[in-house]
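Look at the sequence and the model before reading on.

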Amino acid sequence: MNVEFEAALQYINLESYDNAISHLNKAIDKEMDEGNEGTAMEYRCVLGELLANLDRKEEARDEFAAVVDYCDFSNGLPKQKIIAGAFIKAIDESGPLPRFDVSAGTETKRNPSVPLIPKPMQNKSFISRQMNKRK
């Protein structure tokens, strides 16, 4: 994996999005220079998703369009093509942005009956510890 891409991921975790975008662009340029267009398109898909989540939808749409064009040309990267296509559709229709299960490469829908914050597991040992605290 590219060092610039790793740095971009760390900046995303730190919520320093301008630095993340800068490092993602550097990672894409480096991979393109080395002839790794597939890897560059994977990074471009990440960049597009970041831009879309930052409400910079026109820039994001350009990135996703490049990913779809590459996927159509090379018949590769099916997960990125699905992701990019879903984001382009959401941007064009001004709808909500999709969420994806990274491992499956499919769009996920949240079950409304499942709470956003899970409740702690209250088994017998948990209850006995809580009761011992009161003594």
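## Aromatic pairs

Rings of Phe, Tyr and Trp (its six-membered ring) count as a pair if their centres lie within 6.5 Å; the pair is stacked if the planes are under 30 degrees apart, edge-to-face if they are over 60, and tilted for the rest. By this rule the structure holds two aromatic pairs. Phe5 and Tyr43 form a stacked pair, with 4.2 Å from centre to centre and 10° between the planes. This pair links distant parts of the chain: Phe5 belongs to helix H1 (residues 3-13) and Tyr43 to helix H3 (residues 37-53), 38 residues apart. Helices (H or I, at least four residues) and strands (E, at least two) are DSSP runs, numbered from the N terminus.

A residue is called buried under 20% relative accessible area, exposed over 50%, and partly exposed in between (1.4 Å probe, protein chains only). Phe5 counts as buried because its relative accessibility is 8%. Tyr43 is also buried, at 6%. Phe64 and Phe87 form an aromatic pair too, stacked at 4.9 Å centre to centre with 15° between the planes. Phe64 lies in helix H4 (residues 57-74) and Phe87 in helix H5 (residues 78-92), so this pair ties together parts that are 23 residues apart in sequence. Both Phe64 and Phe87 are buried.

## How the model was treated

The model is predicted: local features need pLDDT of at least 70, side-chain atom pairs count only at pLDDT 80 or more, and totals for chains, interfaces and linings use all residues. Residues are numbered from 1 along each chain as its sequence is written, and side-chain values use heavy atoms, with hydrogens and water left out.

## Packing of H1 and H2

Two packed helices are described by the angle between their axes and the distance between the axes. Axes are lines fitted to C-alpha atoms, for helices over the stretch in contact, and angles run from 0 to 180 degrees between N-to-C directions. H1 and helix H2 (residues 17-33) pack at about 165°, and their axes are 8 Å apart. That makes H1 roughly antiparallel to H2 (under 35 degrees is roughly parallel, over 145 roughly antiparallel, 65 to 115 roughly perpendicular and the rest oblique).

Which residues of H1 meet H2? Glu4, Phe5, Ala7, Ala8, Tyr11 and Ile12 do, and their partners in H2 are Tyr17, Asn19, Ala20, His23, Leu24, Lys26 and Ala27. Contact means heavy atoms within 4.5 Å.

## Single residues

Is Arg44 buried or exposed? Arg44, found in helix H3, is buried because its relative accessible area is 18%. Leaving aside neighbours within four places in sequence, Arg44 is in contact with Ile28, Glu63, Ala66 and Val67. Val3 has its place in helix H1 and is exposed, with a relative accessible area of 63%. The C-alpha atoms of Val3 and His23 are separated by 9.1 Å, and the two residues are 20 apart along the chain.

Asp55 is in the loop between H3 and H4. Its phi is near 65°, a positive value in a residue other than glycine. Asp55 counts as exposed at 56% relative accessibility. Asn75 is in the loop between H4 and H5, and its phi is near 55°, again a positive value in a residue other than glycine. Asn75 is exposed, with a relative accessible area of 71%.
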